[in-house]
Amino acid sequence: PENGYPWSEELWSPKLYRLDDAWYIYVACDDGLNINHRVYVLKAVTDDPMGEYEFLGALQGDKLPDLWAIGPHIAELNGVRYYLFTGRDEANTEQYLYAAKMASPTQLATTPVIICKPDYEWEMRGSSESLPKVVEGATPLVAPDGTIHIIYSASGSWCDEYCFVETGIS
């Protein structure tokens with residue numbers, strides 16, 4: 001990446017998706033300051049996922065909060081495309097899981113809503129005044145019966161209690 005831009009450093013959690021007959025990469029990055037992490041989108045120039053990509057910029061949405069964001073995940077559930085991600089609260093003290101409907105691979109159609117907060121003691125292990133309470137990495141799995149299971153991790157990745165969790169919704 002080019003130096004000196006909001007997307008120049010700390011590239012995290014890149015994801016590759018085939019959407020609307022094109023390849024897209026979603027990646028969280030910043031300008032060297034972790035607080036500035038946002039999700040950016042690249043689109044393949046050709047139909048080759050290993051080929052060249054065009055940088056499209058930050059994921060867009062009229063109601064997308066300008067807050068710290070990582071862990072992008074795109075999921076199509078019951079014919080609707082969703083964007084799931086980890087974002088922090090305005091005070092930068094907690095990480096939440098968010099979901100929003102997508103209008104296109106680069107644009108959200110709805111305001112992101114919080115689908116999970118670190119509410120349980122085991123989700124807050126490793127947090128402190130200087131380290132956030134953490135839930136992150138929302139990944140949906142759809143069972144054959146149509147039940148949607150969200151797999152996510154909780155507690156700080158820097159502590160021994162970091163764990164994966166599954167919750168079912170329908």
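Which residue in β8 is the bridge partner of Met102? Select Met102 and look across to β8: the partner there is Leu108.

Before going on, a word about what is on your screen. This is a predicted model, in which local features need pLDDT of at least 70 and side-chain atom pairs count only at pLDDT 80 or more, while totals for chains, interfaces and linings use all residues. Residues are numbered from 1 along each chain as its sequence is written, and side-chain values use heavy atoms, with hydrogens and water left out.

**Stop 1: strand β7**

Now select residues 95-104, which make up β7. Strands here are DSSP runs of E with at least two residues, numbered from the N terminus. Seven of the 10 residues of β7 are buried (under 20% relative accessible area, with a 1.4 Å probe and protein chains only), so the strand is largely enclosed by the rest of the structure.

Two strands pair if DSSP finds at least two bridges between them.

- β6: seven bridges join this strand to β7, and the two run antiparallel. Thr86 has Leu97 of β7 as its bridge partner. The hairpin they form has six residues between the strands, and Asn92 in the turn has a positive phi of about 60°.
- β8 (residues 107-108): this strand pairs with β7 in the antiparallel sense over two bridges, and the hairpin has two residues between the strands.
- β9 (residues 113-116): three bridges join it to β7, again antiparallel. Here Leu97 stands opposite Cys116.

**Stop 2: the cores**

Next, show side chains. A nonpolar core is a set of buried Ala, Val, Leu, Ile, Met, Phe, Trp, Tyr and Cys residues joined through side-chain atoms within 4.5 Å. The largest one has 20 residues, and Tyr26, Leu59, Ile74, Tyr83 and Met102 have the most contacts inside it. Among the strands that each supply at least two of its residues are β1, β2 and β7. A second, separate core of 13 residues includes Leu84, Cys116, Ala138 and Ile148.

Click on Leu59. Beyond its neighbours within four places in sequence, its contacts (heavy atoms within 4.5 Å) include Tyr26, Tyr83, Met102 and Leu108.

**Stop 3**

Most residues other than glycine have a negative phi. Select Glu10 in strand β1: its phi is positive, about 45°.

Finish at Ser155, in the loop between β11 and β12. Its phi is also positive, about 75°. Is Ser155 buried or exposed? Ser155 is buried, with a relative accessible area of 0%.

Terms used:
Buried < 20%, exposed > 50% of the residue type's maximum accessible area, 1.4 Å probe, protein only. Helix = DSSP H or I, 4+ residues; strand = E, 2+ residues; numbered from the N terminus.
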